[in-house]
Amino acid sequence: FSYTDGQEVLHGLDLHVREGEFIGIVGTTGAGKSSLVNLLTRFYDVNDGSVEIDGTDIRRLPQASLHRLVGLVQQDPFLFAGSIIDNVRLFREDIPREEVIRACRRIGADPMIARLKDGYDTRLSNRGSGLSAGERQLISFARILAFRPKILILDEATANLDSQTEQLIQNALNVVSAGRTTLVIAHRLSTVQHADRILVIQDGRIAEQGKHDALLARGGYYAELVRHSRQGRMELPHLAQRR
Ligand SMILES: Nc1ncnc2c1ncn2[C@@H]1O[C@H](COP(=O)(O)OP(=O)(O)O)[C@@H](O)[C@H]1O
Ligand SMILES: [Mg+2]
């Protein structure tokens, strides 16, 4: 895959994800993590090879079907001018209010929403600027429960979350990833420590993959990332400079 001709970003990547698997993706800035997951939502298409879901090339799926299959929680989720309810159900009136509230409770967003002026009917303006990045992510997690995609992709927030919000997000991730194929780009080691498989991306390639303990024992690039990460943060400026 390349964004511009002649400048390949992902090289000969071969990845098979099993149904229900929890995949953690780590690597320094610019390694190709976002590029990889962006191919799954067709923000971009591969130049060579294919991306398939259940054996079907996703370029052959109607965009609406793909959106039902793949749910995305972005680093800085987009919120619309509208109530909390409508931001969770994305203005789909056929999703009952009760279901939205149930989703928010399961995610652990209920106390945060209760503190807002009009609770679930609080109107967000200006892309939800009144909420923190972590709170916007919680709303985005509730969307996943309301829409139930088979595959979940999460580009974890890098923003410095306070430890309470961090714990909320971690719990919410456990809830939404249950029984769902999940790919998480992780900036905090703790997020993927228990992943079924961790992919270590380096210069557009899968440099290493496996479980946390096995990767540590291997003493390779992952172990180096872990050693250099302070307080479990994986993306480090000084490592990002290195090739
Ligand atoms: N929209 C884009 N257009 C051109 N190049 C891009 C674009 N997005 C990312 N890149 C380049 O692709 C490479 C991988 O970037 P990215 O996938 O964003 O890495 P990561 O998410 O691991 O930080 C980098 O060299 C980056 O500069
Ligand atoms: Mg990225």
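Analyst: A quick word on terms before we dig in: strands here are DSSP runs of E with at least two residues, numbered from the N terminus. Keep in mind that this is a predicted model.

Let's start with the rings. Searching the whole structure turns up five aromatic pairs. One of them joins Phe1 and Tyr3, whose ring centres sit 4.8 Å apart with 75 degrees between the planes, an edge-to-face arrangement. Phe1 also pairs with Tyr44: here the centres are 5.9 Å apart and the planes meet at 55 degrees, so this pair is tilted. An angle has to be over 60 degrees to count as edge-to-face, which is why 55 degrees gets the other label.

Now for the nonpolar packing. In soluble globular proteins, nonpolar side chains tend to be buried together. The largest nonpolar core in this model has 45 residues, and Ile107 and Phe141 have the most contacts inside it. Helix 6 (residues 133-147) supplies the largest share of this core, seven residues. Setting aside sequence neighbours within four places, Ile107 touches Phe141 itself, along with Leu138, Ala142, Leu145, Leu168, Ala172, Val175 and Val176. There's also a second, separate core of 23 residues, with Leu10, Ile23, Leu36 and Val51 among them.

One charged residue deserves a look as well. Asp155 is found in strand 9 (residues 151-155). Asp155 is buried but has no salt bridge. A salt bridge would need a Lys or Arg side-chain nitrogen within 4 Å of the carboxyl oxygen, and the nearest oppositely charged side chain, Lys33, is 7.2 Å away. As for what Asp155 does touch, leaving out residues up to four places away in sequence, the list is Ser34, Val73, Gln74, Gln75, Gln137, Ile185 and His187.

Notes
Residues numbered from 1 in each chain as written. Chains lettered and ligands numbered in written order. Predicted model: local features only at pLDDT ≥ 70, side-chain atom pairs only at ≥ 80, totals over all residues. Heavy atoms only, no water. Helix = DSSP H or I, 4+ residues; strand = E, 2+ residues; numbered from the N terminus. Buried < 20%, exposed > 50% of the residue type's maximum accessible area, 1.4 Å probe, protein only. Lys, Arg positive; Asp, Glu negative; His and termini not counted. Contact = heavy atoms within 4.5 Å. Core = buried A, V, L, I, M, F, W, Y, C linked by side-chain atoms within 4.5 Å. Phe/Tyr/Trp six-rings, centres within 6.5 Å; stacked < 30°, edge-to-face > 60°.
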